[in-house]
2 protein chains.
Amino acid sequence: MAQPILEVRHLRTLTALRDTGSLSRAGMLLNLTQSALSHQLKALEDHFGLPLFTRKSTPLQFSPAGLRLLQLADSVLPQLASAQRDINRLAQGSSGSLRIAVECHTCFDWLMPAMDQFRERWPEVELDIVSGFHPDPVALLHQQRADMAIVSAVDEGEAVAIHPLFEFEIVALLANNHRLCAQERLQPSDFVDETLISYAVPDEMLDLVRQLLAPAGIRPARRTTELTIALLQLVASGRGIAALPLWAVHSYLQRGYISARPIADGLTGRLYATTLEGPTPRPYLADFVDIIRASCFVSLPDIRLL
Amino acid sequence: MAQPILEVRHLRTLTALRDTGSLSRAGMLLNLTQSALSHQLKALEDHFGLPLFTRKSTPLQFSPAGLRLLQLADSVLPQLASAQRDINRLAQGSSGSLRIAVECHTCFDWLMPAMDQFRERWPEVELDIVSGFHPDPVALLHQQRADMAIVSAVDEGEAVAIHPLFEFEIVALLANNHRLCAQERLQPSDFVDETLISYAVPDEMLDLVRQLLAPAGIRPARRTTELTIALLQLVASGRGIAALPLWAVHSYLQRGYISARPIADGLTGRLYATTLEGPTPRPYLADFVDIIRASCFVSLPDIRLL
DNA sequence: CTCCTTTATGAATATCGCTCATAGTAATCG
DNA sequence: CGATTACTATGAGCGATATTCATAAAGGAG
């Protein structure tokens, strides 16, 4: 009643605004432009005749009215989601399974929190990580051994649905006293006489090799390990160079444990979730993609949603 | 999350559907066409892949999924309304007053329940009925002695905002053994030798006189009283004819206390709420109009919303 | 069976939310 | 202090889609 201006979309915008701290970042989270949100909020403020938050200063400050609406959103949005899931359950009577195949080792950092959120929302869905190492996670989809594969590159023509997640910068990691630290950035040729420290995966699954070194015909020595912390220790002790996503090593860099340099004019890694495109598009799969995107965007520094 | 198909509008539709028992009546309540609701619900059902209610049979039956959504609506819509009102209060810091001037005596029947609902929602607004008899309630608006006037006709050119409420049939009321009961319907000429029993208001405020008798130059004897029940007693004891809204005497007719006949080819009364069109359109005024329309539509038989 | 009320459906319309392009505004830095 | 960068505001135009209109179909009541 009393003029039905308020819509679900407004509530979503407000929570995104709180989570991200700015209109433009909130827009990325919602897959909308900054302009859309600006218009949207202006309409609300015009309608109520008072400001919902103050734009100047990051993170922005909510006004009492804004806080009241946030409180509403925090109460309403979960109820809405919960009702939607109940209906979906009624519809396809079912539980189901979400077995996740991962190609990139660092992914566990963000996958765990996302899985926790998912478990809360879809308790009846059997949730698992397909264990062991798999050179081709997408193959697991077709073999019905996984329901979702997280990959960093997708072949055209694979008969799967692709859900882009996010992209990020991959940086070279050096010991603080490494001679290459003198350079502002590293070029492919700098890797010639170095040892490349990485996870135990085939060459072509490393973005650095696939995107830069292989095209340049450079094949540095490789040394592998399974744990991120072990990998960083090798780097710190001068055994070689590693290349990892910036977000994966952000905390180590801040503490000065090792040093980072951009590679070429910026090496960009991307991540995608892939699923079989079945006749019954199980709603919890799409939901999990949303959860990943949202939770990564707020917790991983410097990533850009795709 | 999980496809944001569900909107506030859908929840409103569902509650209206429950309150009215049919798509077409729900449409009237929401100021939408039956077609709109049909499309809207079909979209929902298509999306979820299951029916929300069964159309055959009145009143319609909700499915489990429909009931789940109704439960959601019952939880969410009040929260939404409450938040809106909180914001409005923050905006105009204020309480305010709603003094209602009434021209038509029968209006008290539905005004009281509507006022009760209003009091619950806007506890800080001072709510009153302007007491005493007022030949021109609209004048009270301009004199700042009332905030809303309920009238059955509005002069063009009055500088007030007009909020149409509903329309209804006015019927002639006769003693069960009255000679005119023999007729299927009453014509203006039938009133010539009769006594017209009514509330103590000027001729021109009675729809019967204004719309039919005065144009025909007929001025029957008048007898007045203040209470509806007293008026009906006079009719039942053969002292004359009355003309009242069908909804006002519905229960008496069902019990056979008196008889009713249509007048001419249907005498239609209409009711409007009028307010001053101020620079600050106080939101609780519009809300009260909504409350009136909704509560009357579900509680008064045979009325049509305007 | 017929009348009357209700619902369904497809096409046309109108609304309105979003994007695009661009300007304005702070804060940061050499 | 001008330059740069990041964020927000704004108006025009587009596109999606909710709604209406016109009409058919389907029950229920008498």
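Colleague: What makes β5(A) and β10(A) a pair, and how many bridges join them?

Modeller: Three bridges join the two strands, which run antiparallel. Two strands pair if DSSP finds at least two bridges between them, so β5(A) and β10(A) qualify. Val151(A) stands opposite Tyr272(A) in β10(A). Strands here are DSSP runs of E with at least two residues, helices are runs of H or I with at least four, and both are numbered from the N terminus.

Colleague: What should I know about the model and its numbering?

Modeller: This is a predicted model, in which local features need pLDDT of at least 70 and side-chain atom pairs count only at pLDDT 80 or more, while totals for chains, interfaces and linings use all residues. Residues are numbered from 1 along each chain as its sequence is written, chains are lettered from A and ligands numbered from 1 in the order in which they are written, and side-chain values use heavy atoms, with hydrogens and water left out.

Colleague: Which strand pairs with β5(A) in the parallel sense?

Modeller: Strand β3 (residues 97–102) of chain A does, over three bridges. In that pairing, Ala101(A) stands opposite Ala149(A).

Colleague: What makes both faces of β5(A) count as covered?

Modeller: On one side of this strand (residues 148–151) Met148(A) and Ile150(A) are buried, and on the other Ala149(A) and Val151(A) are buried. Buried means under 20% relative accessible area, exposed over 50%, and partly exposed in between, with a 1.4 Å probe and protein chains only.

Colleague: Why is Ile258(A) called buried?

Modeller: Its relative accessibility is 3%, so Ile258(A) counts as buried. The residue sits in the loop between α9 (246–254) and β10 (259–276) of chain A. Leaving out residues up to four places away in sequence, Ile258(A) touches several others, including Leu173(A), Asn176(A), Leu232(A) and Tyr252(A). Contact means heavy atoms within 4.5 Å. Asn176(A) is 82 residues away along the chain, yet the two C-alpha atoms are separated by 5.3 Å.

Colleague: Is Glu167(A) buried or exposed, and how do you know?

Modeller: The relative accessible area of Glu167(A) is 15%, so this residue is buried. Glu167(A) belongs to strand β6 (residues 160–174) of chain A.

Colleague: What does the side chain of Glu167(A) make a polar contact with?

Modeller: The partner is the side chain of Arg270(A), at 2.9 Å. A polar contact is a pair of N or O atoms within 3.5 Å; within protein, one must be able to donate a hydrogen and the other to accept it, and residues adjacent in sequence count only if both atoms are side-chain atoms.

Colleague: Which residues come nearest to DNA strand C?

Modeller: Of the 18 residues around DNA strand C, these are Thr33(A), Ser35(A), Ser35(B), His39(B) and Arg55(B). A residue is near a strand or molecule if one of its heavy atoms lies within 4 Å of it.

Colleague: Which side chains have a polar atom by a base of DNA strand C?

Modeller: A polar side-chain atom of Ser35(A) lies 2.5 Å from a base nitrogen. For Gln34(B), a side-chain N or O atom is 3.0 Å from a base nitrogen. His39(B) has a polar side-chain atom 2.9 Å from a base oxygen. The largest share of the surface near this DNA strand, five residues, comes from α3(B).

Colleague: What lies by the phosphate and bases of DNA strand D?

Modeller: Backbone N or O atoms lie by phosphate oxygens, at 2.9 Å for Leu23(A) and 3.0 Å for Ser24(A). A polar side-chain atom of His39(A) lies 2.8 Å from a base oxygen. α3(A) gives the most to the surface near DNA strand D, with five residues.

Colleague: How do you know that the copies meet through the same surface?

Modeller: Of the interface residues of chain A, 100% are also interface residues in chain B, so the copies meet through the same surface.
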